[in-house]
Structure formats: C-alpha cells, structure tokens
Amino acid sequence: MQEQREAHAAILDRLNRRLRTMCQCTGTFFQAESEQELLQSICEILVASGEVRLAWIGYCEDDAEKTVRPVAQAGSGLDYLERVKTSWGEMEPGQGPAGTAARTGKACWVDDIRTDPRFSPWRVAALACGYASCVAVPLIAYSKQRGVVDLRGTLNLYSAECNAFDESAVEHYTGLATSVAYFVTALRGDLAEDLAYGVTALRARAERKRAEEALHQAREELAHVTRVTTLGELAASIAHEINQPLAAIIADANACLHWLEADRPDLESVREALAAIVKDGDRAAEVITRIRGLLARASVAHGPCDLTGVIGEVLPLVRPELGRHDMIVKMSLAPDLPLVRGDRIQLQQVLLNLLVNAVDASREVPPERRRLIVHSTVEYRDDGPWAVVRVEDGGVGFREPEAARLFEAFYTTKPGGLGMGLSISRSIIEGHGGRLWATANADHGATFHFALPAMR
Ligand SMILES: Nc1ncnc2c1ncn2[C@@H]1O[C@H](COP(=O)(O)OP(=O)(O)OP(=O)(O)O)[C@@H](O)[C@H]1O
Ligand SMILES: [Mg+2]
C-alpha cells in the first residue's frame, strides 16, 4: 500500500511539473515578440523544470552536409553543441535522434546513450556533459486552416538519467513541439512583411557567422602560404645566413686543433675560439628557430612585442639578398619605442614583405639609389603613443594615384609576383588595430609606413 501510494505521488508530482511547464510555455507563446525569443524561452523553461539537463532547437539547412543548426539552447554543457555536428542527411551524422526526427517527422529517442549504437558519433561528448538519455521531436503541427505546418526543425532534450523519456514524456514533448510549430508559424505570418525577423534572419545569422569563420581561416591559411613562399624566395639568403656561422665554427675548430697540437698549447686562444664557436652555434640555431616560427601554420596569441626586436630578427634573413644587389641598409631606430600587443610572427612577416618589395623595387636603379632606410619612431596621438616603422627605398617608386591599388589583392607589376604581399600585410596590421600605408618619396622611391598603438 505504502509503495503504491509513493508511486502515485511520484506520478502526480511529475504531471504537476509538466502542467506547470505547459502553462509557462503557453505564456511565452502569447508574449514572445520574435521567433528567436520564443524558441529561446521554451528551451529555458524546459531546463528550469528540472526534467532535462540540456534543451536545444535546431533548424534544417539545405547545405551540402544537411546540417541541423542550433538556433536556441539552454542548460548545462552548451559547448556540447559547438563540439558535435548534427545532420538530417542519410549518412551517419544523420542517424541520431535529431536527424531521424527531422527526416521522418516522428519523435526519436535514445534510452541509454552509453550503449545505443545509433548514438556512437556523439557518445563521448555527451557522456562528458553528463547526458544519459535523449529525445528529439519534430517541429510539426497540423491545423485545419493551414494544413501541415512543418518548421523543418527539432526540439532536442537531454536528461542525466537513463530511460528518462518514456511514452508519456515523448507524448508530452511532442505536444509541446506541435504548439511551438504552430505559434512560430503564427508569429511568422504576423511578421510576414518584416522578413528581418523569422527563420530567414536566423538562418542568415548562422550563415554569416559561418562565413566569417571560414574567411578568418582562409586568411590565416593564405598568410601562412605566402610566408612559406617568401621564405622559399629567400632560401639562398637564409642558407647563407646559416652557412656563415657554420663556416666560422669550422675555421675556429680547426684553429683549436692546430693550437692543441703544439707542445705548449695556447689555451687562452683555444678558450677564445671555443667561446666564438658557442656564439656562432647560437646564431645559427636562432636563425633556424626563427624560420621554423615563420613556417609554422598556427598564429600565436597576441602578446607584448618590441618592434626593435622584430626588426633585428628579420633583417638577417634578407641581409645577404640586400648584399647581392649592392644595397646599403641604414637604421634609424627610436630608443624608446613602446611595446605593442601583437603576434610576433605576423609582424615579422609584414616587415619581411616590405623589405623584399624594397629590394625588388631597387634592382634596376643606378647604384647610388640602392639604399634602404628602416626608421622607427614614437608618435603621440589623441589616444596615446603609437609605434611607427618606416621602410624607405630609392627604387622605382610609384605614382601617387596608384597608391591605393598597391594594397589590392593580386595587384602586381612583377613577372613572378603574386600581388598578395601588401594585401596580407595590411590585413595583419589592421588586425592589430593599426594602419599600413605608402607614400611616394619626393626624389626617388617609396616609403611604406605602419603604425601600431602602444600597449597599455
Ligand atoms: N617599395 C616599393 N616600391 C615600388 N613599388 C612597390 C613597392 N612595394 C610594392 N610595390 C608595388 O606594389 C605591388 C604589390 O606588392 P605586393 O607585395 O602586394 O605584391 P608583389 O610584391 O608584386 O608580389 P608578392 O605577392 O610576391 O609579394 C608590386 O608589384 C609593386 O608594383
Ligand atoms: Mg611583395
């Protein structure tokens, strides 16, 4: 008797909770002013009811992967949705509850995430978030006036307990999903003239976010590829930069051997030569480290950067190339250049591009014009100090009206040029909150300037 009463009490309690949830959802149906607000509130109410750990609503997209894209979500483990991919296609990512419910128009549930083979693609991520069972119900309603109303989406619920979604639960949530479909359609109808709301906007927003991410990634890839290409062009120069210390090491080591053969070896000279060997070894290793950095795919997190150091790191990579073209380099560096916040490798890449361009521009000019000056200065602007670096050459230069075109992607005047150097450099500098521009010199050649705000 006692047990029976307890079981009844538990059922009553659950029904009570569902009734309360339904009432809250109904309130939302009438109050929500936008589709997004409605979907989001429903997810939040369901999670607050305590019956589910995660609630999300997904819409089917007609992309190649047939993605079910989350448009509203609430509960614990939201990053789960970022980690997993759900599809409504026939392939494996479409065999889970959400995909099946979207495809078949019928509820689909998994009683035990640990063992159900249909859930294997998402199992590890789901268990990590503490989900044990789940259900997906399609957002479909049938109405006399409108016939079948299909939002082409699903309501998805995850519970911390196994077997949480029995027949009565599935019926309850299916009913709720029907109401959601009905009210969303009503809301879309009311807002028909204003398509900025509704599903178009939701899908467009998700699409835009995805496009932005893809663009960001493409830019990084491109920066990497051009970095590798520039280094390829500089291969001879870089080899020289490594061979020089190696040659010095061999010479010093030979000298040591010679001294040690003497009856009374000149140990002081040996010590000096060994110290030079260590220094040259470090120098070669440093060049290699720098090149590995430039060849690495990943950009590093922005941190404090001293541009004087960046200049010092890049110059040795182009120095032999400069020498080959009889170019003289002068430096005029501000001793108090403020630190900037940035990705050191990317800033090296910018400077490398400017230096290589300056060399290219100076190949054919008379010898007295083959000079390059690297300046750095501090400029004080309204919003504080800025570090400015200029690369000035006496090369062929450009005509003022061309100035803007130089930075266009694929604009090049060189037979083997790609025309990407300046375009990427500008996007890197702007990504650092700075500016990159060019001016034609009064006499000959061009000056490229970049300015970055000092770190605060
Ligand atoms: N220092 C310079 N003096 C004169 N013209 C320049 C200078 N730097 C760049 N330019 C002009 O701008 C164009 C674009 O430069 P950018 O670095 O973007 O591409 P590129 O050097 O032609 O090719 P790459 O993609 O290999 O760098 C050059 O082709 C050249 O016409
Ligand atoms: Mg270039």
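Predicted model: local features only at pLDDT ≥ 70, side-chain atom pairs only at ≥ 80, totals over all residues.

Residues are numbered from 1 along each chain as its sequence is written, while chains are lettered from A and ligands numbered from 1 in the order in which they are written.

Ligand 1 is surrounded by 22 residues, the closest being N357, T412, G417, G421 and L422; a residue counts here if its C-beta atom, placed from the backbone, lies within 6 Å of the molecule. Two or more shell residues come from each of helix 11 (344-362) and helix 12 (421-431), helices being DSSP runs of H or I with at least four residues, numbered from the N terminus. Helix 11 gives the most, with four residues.

Helix 11 and helix 12 pack at about 145 degrees with axes 9 Å apart; axes are lines fitted to C-alpha atoms over the stretch in contact, and angles run from 0 to 180 degrees between N-to-C directions. Residues in contact have C-beta atoms, placed from the backbone, within 7 Å.

| Helix | Residues meeting the other helix |
|---|---|
| Helix 11 | Q346, Q349, V350, N353, N357 |
| Helix 12 | G421, L422, S425, I428, I429 |

T230, in helix 7 (residues 198-233), touches L352, N353 and V356, leaving aside residues up to four places away in sequence. T230 is buried because 20 other C-beta atoms lie within 10 Å; the cut-off for buried is 20 or more, with C-beta atoms placed from the backbone.

Key: Buried ≥ 20, exposed ≤ 12 C-beta atoms within 10 Å, placed from the backbone. Contact = placed C-beta atoms within 7 Å.
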